[in-house]
Amino acid sequence: MKKKLLLLILCFSGQMYWAIDKQSQAESYFKEANLLYQKGEFGQAAEVYQQMEQLEVEAAEVYFNLGNCFYKMGQLPQAIFNYEKANICAPFNEKIESNLTVAYDNTHDKIAFKNTATFFTYLKAKLLPYQFWIFAFTMIMAVLSLIALYNHRINRKSSFSFILSSIVLWCFGLVLTLILAIDKPTRIGIVFASQTPVIAINHKQKIRNVHEGTKVIIEEEQGAYLLVHLTDVTKGWVKKEAIKEVD
């Protein structure tokens with residue numbers, strides 16, 4: 001029994017050490033990248049920010065700064081791609097929206113920036129995963145039920161009010177949690193090809209060309225093509241290889 005307990009403690013300690021070491025390494029990369037950016041060494045700064053991605057660090061500041069590096073280097077599609085990733089991590093952030101507006105205004109198609117983030121995107125970015133909240137609300141309900149049973153023996157009237165309010169609160173939390181679980185995120189793609197045609201839904205004619213940096217909303221896939229619509233309402237098929245999806 002003691003050996004099993006010791007092994008469990010060692011495993012837990014190892015995981016804690018790995019998490020702390022990972023966080024420390026990410027902070028070191030972030031400082032190094034920021035210094036390189038301030039010196040005007042945007043290419044090197046971008047490489048260091050991308051090393052943070054390899055550590056599975058998903059932070060709006062990292063993607064925002066990475067977008068700035070690519071923008072400074074004149075790589076517009078990559079800049080927009082990272083700004084959009086930052087926008088997913090921190091929806092409705094004024095700096096991110098401002099940079100996206102400027103970046104889209106510099107694309108060939110000049111389709112105005114339209115924020116596709118919703119209230120639920122914001123909640124998902126700010127809250128813990130919905131699985132945690134299902135577990136949390138279930139545990140809270142269990143505790144409240146035990147308290148209600150205890151109070152029922154003492155005062156039936158107050159116990160009934162307590163149970164009713166607890167059920168209402170639990171139902172509200174559960175409904176919100178389920179909405180977060182069911183709500184499907186908007187699939188966003190950025191055109192990385194210098195130019196690619198948008199084919200009509202019936203596959204018979206070309207509607208227009210779109211150019212690098214243009215944002216598309218992905219609706220479905222069919223073979224080598226994606227059915228997309230642009231933020232100016234144009235809708236059609238685009239080659240999958242021309243698009244990089246923001247995930």
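How many helices and strands does the chain have? There are eight helices and seven strands, and the model that shows them is a predicted one.

## The chain as a whole

The chain runs to 247 residues, and 35% of them count as buried. If you look at contacts with a separation of 6 or more, residues 24 or more positions apart account for 55% of them.

The mean pLDDT is 78, with 62% of the residues at 70 or more.

## Helix 3 against helix 5

Two packed helices are described by the angle between their axes and the distance between the axes. For helix 3 and helix 5, the axes come within 11 Å and cross at roughly 25°. Angles under 35 degrees count as roughly parallel, so helix 3 and helix 5 are roughly parallel to each other. As for handedness, helix 3 passes helix 5 in a left-handed crossing.

Which residues in helix 3 and helix 5 meet? On the helix 3 side you'll find Ala60, Phe64, Asn68 and Tyr71; helix 5 brings Lys95, Ile96, Asn99, Val102 and Ala103. Sorted by type, the residues of this contact are six nonpolar, two polar and one charged.

## Two loop residues with positive phi

Have a look at Lys110, in the loop between helix 5 (94–105) and helix 6. Lys110 isn't a glycine, yet its phi is positive, near 50°. Is Lys110 buried or exposed? With 52% relative accessibility, and the cut-off for exposed being over 50%, Lys110 counts as exposed.

His203 is another residue with a positive phi, about 65°, although it is not a glycine. You'll find His203 in the loop that links strand 2 (195–199) and strand 3 (206–211). Its relative accessibility is 43%, so His203 counts as partly exposed.

Conventions
Residues are numbered from 1 along each chain as its sequence is written. This is a predicted model: local features need pLDDT of at least 70, side-chain atom pairs count only at pLDDT 80 or more; totals for chains, interfaces and linings use all residues. Side-chain values use heavy atoms; hydrogens and water are left out. pLDDT is the predictor's confidence in each residue, from 0 to 100. Helices (H or I, at least four residues) and strands (E, at least two) are DSSP runs, numbered from the N terminus. Buried means under 20% relative accessible area, exposed over 50%, partly exposed in between (1.4 Å probe, protein chains only). Axes are lines fitted to C-alpha atoms, for helices over the stretch in contact, and angles run from 0 to 180 degrees between N-to-C directions. Angles under 35 degrees count as roughly parallel, over 145 as roughly antiparallel, 65 to 115 as roughly perpendicular and the rest as oblique. A crossing is left-handed if the near helix is turned anticlockwise from the far one by less than a right angle, and right-handed if clockwise. Contact means heavy atoms within 4.5 Å. Ala, Val, Leu, Ile, Met, Phe, Trp, Tyr, Cys and Pro count as nonpolar, Asp, Glu, Lys and Arg as charged, and the others, Gly among them, as polar.
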